[in-house]
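Please read this briefing alongside the sequence and the model shown below. The notes that follow are grouped by topic.

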Amino acid sequence: FSSSLDLTSPTGVLDCNGQPTYQGELFDTTQTQPRGKGYCGVPFGYANGAPNNVIPASKIDSLGNTLINLFPNPNASGVGYNYLSDPVTTQTANQGDVRIDQVLTQHDSAFYRFSMSNTPENIGSPFPGYADGGGFFDGIQQITAYSGAANEVHGFSMHKVNEFRFGFNWIETSRYQANSGQNVSALIGFPGVPYAPGTNNGGLPQITFSDASTIGSPTFLPAVEKQTTYQFSDTFTLIAGNHTWKFGGEMRPEHFSIYEPADPRGSMSFSHVYTDNAGDPGTGGNSLAALLTGQPSGGNINNLNNIDYYRHTFALFLQDDWRALPNLTLNLGFRYELFSPVYSKNNAQANFNPVTGNLDIPKDSNVSLTPTLAATLPVNHNASDALISTDYKDFSPRVGLAYNATKRLAIQSA
């Protein structure tokens, strides 16, 4: 790290050995000492009476040394950078549609439609090999979608018609980090990183630096999002005199799941702080030096959890198009909708109630808080499975008109 040391810019502060300190100097934090009302630092070493920013082998952490060697060799020389990357992205798109129209009888007709889309994509990472360094939108992506619909129309008479519709949509979007199928952490000797075959949790923890590029696998990957929606609807039309009546209903079950753990392999951050000048903070230190000496600033890890939700929607409606006058048509309608709350599979959800100050947990859930959290946060373990009440008051009246004032002027409202 001698290139980051500026011996022409003294800080005006002495180290613990009484020697001048300089901008960009590295210090051995384990030897920091109190001095007066503050502290003084001890550099890693000297050469010819001046600090040399060379970390001795005895201070180098073996894992830090392995990780820092994952960085590729420089391929550029610029102000603030020494490496240029041009990742390659490959994408294939396949899609198709099929429709069949059928006349069943003199009074019945139907159509059937099926559509599919399959889009695999490989989005390259900035660094080769295990270094990766990609973000959430890098990796191996797959978007697959299927949808279908069927319709049957039955005419009872010229004035009575019934239409039944069925439809479904299914979509799955997945994205996996590079090396998702390899236990890379075990291969390089990074302990404590969870991995099991089939979980696609391979790769490394994401490692960020305050003054260098990120290496390791992205956070929030693997990510798998699925959604399935079914729709059933029926509409009956009756023409009676000047009235065209329509009434019917709809039912729509929905299921959606999200598997997107924030730090499934963990994450670590490194800054200049732990190799900085304790006597004049902010003038020295380097985040890569902190990595090499095994001194992270922080880290996170969380469990692998799939969020699995479902809900149902119901609707009824009645509508009348009434031709009250030859030039005036009134559109009168009424619709009622019932949206169920969102339920979680196995009641795996909770909600903090700011009014009561309690954490509401479904009464049928068998989860429990950690002792530390349970001691500080009151719990209501008798909440409903949905945590909120169902709204039964979604009524929607409708009034509209179409009025032909003259041959060239029409007035409409809805």
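Predicted model: local features only at pLDDT ≥ 70, side-chain atom pairs only at ≥ 80, totals over all residues.

- Strand E17 (residues 306–325) and strand E18 (residues 328–339) run antiparallel and are joined by 11 bridges, where strands (E, at least two residues) and helices (H or I, at least four) are DSSP runs numbered from the N terminus, and two strands pair if DSSP finds at least two bridges between them.
- A hairpin of two residues connects E17 to E18.
- E18 also pairs with strand E23 (residues 394–404), in the antiparallel sense and over 10 bridges, and there Leu 330 stands opposite Leu 401.

**Nonpolar core**
- The largest nonpolar core has 22 residues, and those with the most contacts inside it are Leu 67, Phe 190, Leu 204 and Ile 207; such a core is a set of buried Ala, Val, Leu, Ile, Met, Phe, Trp, Tyr and Cys residues joined through side-chain atoms within 4.5 Å.
- At least two residues of this core come from each of helix H1 (62–68), helix H2 (184–188), strand E12 (206–209) and helix H3 (287–292), with H3 giving the most, four residues.
- Leaving aside neighbours within four places in sequence, Leu 67 is in contact (heavy atoms within 4.5 Å) with Ile 188, Phe 190, Leu 204, Ile 207, Ile 215 and Leu 291.

**Three-stranded sheet**
- An open sheet with mixed pairing is formed by three strands in the order E12-E15-E16.
- E12 and strand E16 (298–300) stand at the edges with a single partner strand each, so one side of each is left without a neighbour in the sheet.
- E12 and strand E15 (residues 267–270) pair in the parallel sense over four bridges, and Ile 207 stands opposite Met 268 in E15.
- Gly 298 lies in strand E16 and is partly exposed at 30% relative accessibility, where buried means under 20% relative accessible area, exposed over 50% and partly exposed in between (1.4 Å probe, protein chains only).
- Not counting residues up to four places away in sequence, Gly 298 touches Ser 267, Met 268 and Ser 269.

**Asn 201**
- Asn 201 lies in the loop between H2 and E12 and counts as buried, at 1% relative accessibility.
- A polar atom of the Asn 201 side chain lies 2.9 Å from the backbone oxygen of Pro 194.
- Beyond neighbours within four places in sequence, the contacts of Asn 201 include Gln 177, Ser 180, Tyr 195 and Arg 265.

**Disulfide**
- The count comes to one disulfide, the term being used for a pair of cysteine sulfur atoms within 2.5 Å.
- This disulfide joins Cys 16 to Cys 40, with an S to S distance of 2.0 Å, and the link is right-handed, with 105° about the S-S bond.
- The pair links distant parts of the chain, 24 residues apart, with Cys 16 in the loop between strand E1 (6–14) and strand E2 (20–23) and Cys 40 in strand E4 (residues 38–40).
- Cys 40 is buried, with a relative accessible area of 4%.

Notes
Residues numbered from 1 in each chain as written. Heavy atoms only, no water. Polar contact = N/O pair within 3.5 Å; in protein donor to acceptor, adjacent residues only side chain to side chain.
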